[in-house]
Amino acid sequence: MSEKGFRYVYGPVPSRRLGRSLGVDLVPFKVCTFDCVYCQLGRTTIKTVERKEYVSAADVLDEVKRKLAEEDNPNYITFAGSGEPTLNSRIGNLILRIKDLTDIQVAVLTNGSLLWTKEVQDDLMAADLVIPSLDAGDEQLFRYVNRPHENISFDRLVDGLVDFTRRFPGQVWLEILLLEGVTSMPSHVKKIADLVARIAPACVQLNTVCRPPAEEFAFPVSQDILLSLREFFPCPVDVISEESQEHSEISAFSESREEDVLALLRRRPCTSEDVAEGLGIHIAEALKRLNALIAIGTVRSTISGGRNFYTATGGKSPSGAPGNKQDK
């Protein structure tokens with residue numbers, strides 16, 4: 001059970017793209033259509049394309065109502081969380097119900113894998129903003145990077161992105177996450193850019209690994225290279241900078257909250273799930289706190305068996321005082 005009885009709604013938390021975002025999580029942890037090598041949540045535990053009501057829509061709506069009553073209004077209400085939100089068959093109804101409750105804009109962060117179905121497209125039509133992903137320019141690297149469910153082909157993914165963007169009345173921002181030595185070569189970026197011309201999003205958000213990934217071989221692309229690759233794209237490009245992300249997340253959480261995380265990690269290495277359970281918070285908020293501490297050097301991450309384990313270091317604490325070393 002999460003903080004104050006919230007299981008499916010978390011935050012508002014700082015978002016690199018959306019300001020203060022109230023997160024809505026519609027599937028259990030790591031239920032997804034992909035098993036991306038760069039995922040900060042680790043490897044997918046249930047890879048599926050089955051749509052159903054994974055969590056109670058009525059309970060989700062109740063939590064959103066209670067959060068909005070706290071008068072701490074976010075910039076966006078964002079369907080994201082710990083898996084692929086469009087797998088939940090009630091997402092369309094929930095978007096409509098939330099739009100009846102508030103004027104706050106609704107965003108959906110999706111890997112885009114199910115946008116080829118009219119049912120999913122229809123469900124998202126009432127949202128204000130949809131941010132799907134495209135991480136490769138051909139079938140071979142799509143399989144390598146995203147490790148999709150066997151029923152999802154690259155051509156089907158791209159056709160879905162094209163068709164949805166053409167139909168959707170709101171804005172589509174296309175996120176492209178590049179990996180060093182894999183998808184960041186100019187020849188391959190050109191393939192992705194040619195597909196972007198077909199999809200015609202409002203903008204591209206060019207990103208790379210900046211969280212501890214599921215696989216150790218998922219390496220980040222340097223900021224300079226990301227900036228140089230903007231010229232390939234036929235639409236506005238926003239390079240998601242690690243520096244601005246770190247600043248927003250470090251300033252977002254109080255020293256006392258960060259100390260709660262450090263207290264856990266000084267006792268033993270923990271996964272993000274362990275931290276979330278130990279502090280009674282949603283895993284997305286736990287990850288925000290952990291990454292803020294990694295940015296200032298008081299926490300480090302190691303990967304073992306496709307899972308990220310976090311440990312406290314002897315670096316500076318948020319207040320500037322030396323942190324305690326991890327217990328041996």
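Mentor: Begin at Thr 78, which stands opposite Ala 107 in strand E6. The model is predicted: local features need pLDDT of at least 70, side-chain atom pairs count only at pLDDT 80 or more, and totals for chains, interfaces and linings use all residues. Residues are numbered from 1 along each chain as its sequence is written, and side-chain values use heavy atoms, with hydrogens and water left out.

Trainee: How many bridges join E5 to E6?
Mentor: Strands pair if DSSP finds at least two bridges between them. Strands (E, at least two residues) and helices (H or I, at least four) are DSSP runs, numbered from the N terminus. Here four bridges join E5 to E6 (residues 105-109), and the two run parallel. Strand E2 (residues 19-25) also runs parallel to E5, with five bridges. Gly 23 has Thr 78 as its bridge partner in E5.

Trainee: Why is E5 largely enclosed?
Mentor: Buried means under 20% relative accessible area, exposed over 50%, partly exposed in between (1.4 Å probe, protein chains only). Five of the five residues of E5 (residues 76-80) are buried, so the rest of the structure largely encloses this strand. Tyr 76, Thr 78 and Ala 80 point one way, Ile 77 and Phe 79 the other.

Trainee: How many disulfides does the count give?
Mentor: A disulfide is a covalent bond between the sulfur atoms of two cysteines. The rule asks for a pair of cysteine sulfur atoms within 2.5 Å. The count is zero. For Cys 203, the nearest cysteine sulfur, that of Cys 235, is 6.9 Å away. That is too far for a bond. Cys 203 is buried, at 14% relative accessibility.
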